[in-house]
Amino acid sequence: MLILKSFEPAINVRCPSAFGLKADALLAMSGLEYKVVPGDIRKSPMGKLPVLIDGKKIIADTSLIQKYLENAHGVDFDGALTSEQRATAKAIQRMVENHLYFAMVHFRWIENPERVRDTLFKNIPSLPRKFIFKMVLKKVKQANEGHGISRHDLSDILAFAMEDLEALSVLLGAKPFMFGKKPTSVDASVFGALENIINSTETSDLQDGARGFENLVEYCDRFRDEVFND
Ligand SMILES: N[C@@H](CCC(=O)N[C@@H](CS)C(=O)NCC(=O)O)C(=O)O
């Protein structure tokens, strides 16, 4: 059985990490047997989660997890796509994971650190919690500053993210999923981020803005229903 080391459900989402939720979605779409267990970033090869374990094989990074499921288990996520659609999917995935994700992290962590401490870290006993949270928050701030997005004013960060959301909304249009009736790998990526923005209990101006895109709200509900039966 495949094991996905990731994060426990919290804040009204089955995984409070966009990448953890993406990997969970890819596995659910694969039809393979798997289970999700809590992981420890300190023990993961890249210092990040999620990580897939398949017997002795350890696969860190969701793009590598996708490739591994395709190559080692014959899963065909994107076989029906044309080469142009695959190129578009790659561009969408990169926008979501390397831009929108960091805006989401800014609104969740940097704008509301105490709320993250009290929700996502609530299971850690209160004495070490303060220390661990301080350390993690420092890393998150460094990563977001390094990316560059968190050096901007909040209004600009919101505007950048809204442009990404608008692009997703226009590309989705009236289709059930990004490329038609069936979800493909890029939908796992898009759902992982959108579900965390739109449906988590971590309210923000970004969430309010995202909820204004009716087709993206419906897309999250549809994906959850069809892929997870939740
Ligand atoms: N490119 C990686 C990104 C994974 C990632 O950034 N995971 C975050 C949680 S959402 C993490 O573990 N961060 C811990 C850290 O950077 O220290 C993937 O696709 O799996």
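**Lys141 in helix 5**

Lys141 is found in helix 5, which spans residues 126-147; helices (H or I, at least four residues) and strands (E, at least two) are DSSP runs, numbered from the N terminus. The structure is a predicted model, in which local features need pLDDT of at least 70, side-chain atom pairs count only at pLDDT 80 or more, and totals for chains, interfaces and linings use all residues. Residues are numbered from 1 along each chain as its sequence is written.

Lys141 has 16 C-beta neighbours inside 10 Å and therefore counts as partly exposed. A residue is buried if 20 or more other C-beta atoms lie within 10 Å of its own, exposed if 12 or fewer, and partly exposed in between, with C-beta atoms placed from the backbone. A distance of 9.3 Å separates the C-alpha atoms of Lys141 and Val105, which are 36 residues apart along the chain.

**Loop between strand 1 and helix 1**

Ile11 is placed in the loop between strand 1 (2-6) and helix 1, and Asn12 is found in that loop as well. Most residues other than glycine have a negative phi. Ile11, however, has a positive phi near 40°, and the phi of Asn12 is also positive, near 75°.

Ile11 counts as partly exposed because 16 C-beta neighbours lie inside 10 Å. Asn12 is likewise partly exposed, with 13 other C-beta atoms within 10 Å.

**Packing of helix 1 and helix 7**

The axes of helix 1 (residues 18-30) and helix 7 (residues 185-198) come within 8 Å and cross at roughly 140°. Axes are lines fitted to C-alpha atoms, for helices over the stretch in contact, and angles run from 0 to 180 degrees between N-to-C directions. Helix 1 and helix 7 are therefore oblique to each other; angles under 35 degrees count as roughly parallel, over 145 as roughly antiparallel, 65 to 115 as roughly perpendicular and the rest as oblique.

Residues of helix 1 in the contact include Phe19 and Leu26, while those of helix 7 include Ala188 and Phe191; contact requires C-beta atoms, placed from the backbone, to lie within 7 Å. The residues of this contact divide into 9 nonpolar, 4 polar and 2 charged. Ala, Val, Leu, Ile, Met, Phe, Trp, Tyr, Cys and Pro count as nonpolar, Asp, Glu, Lys and Arg as charged, and the others, Gly among them, as polar.

**Ligand shell and cis peptide bond**

The residues around the ligand include Ala18, Lys48, Leu49, Asp61 and Lys139, each with its C-beta atom, placed from the backbone, within 6 Å of the ligand. Helix 1 and helix 2 (62-73) each supply at least two residues of this shell.

Leu49 is joined to Pro50 by a cis peptide bond with omega about 10°.

Key:
Contact = placed C-beta atoms within 7 Å.
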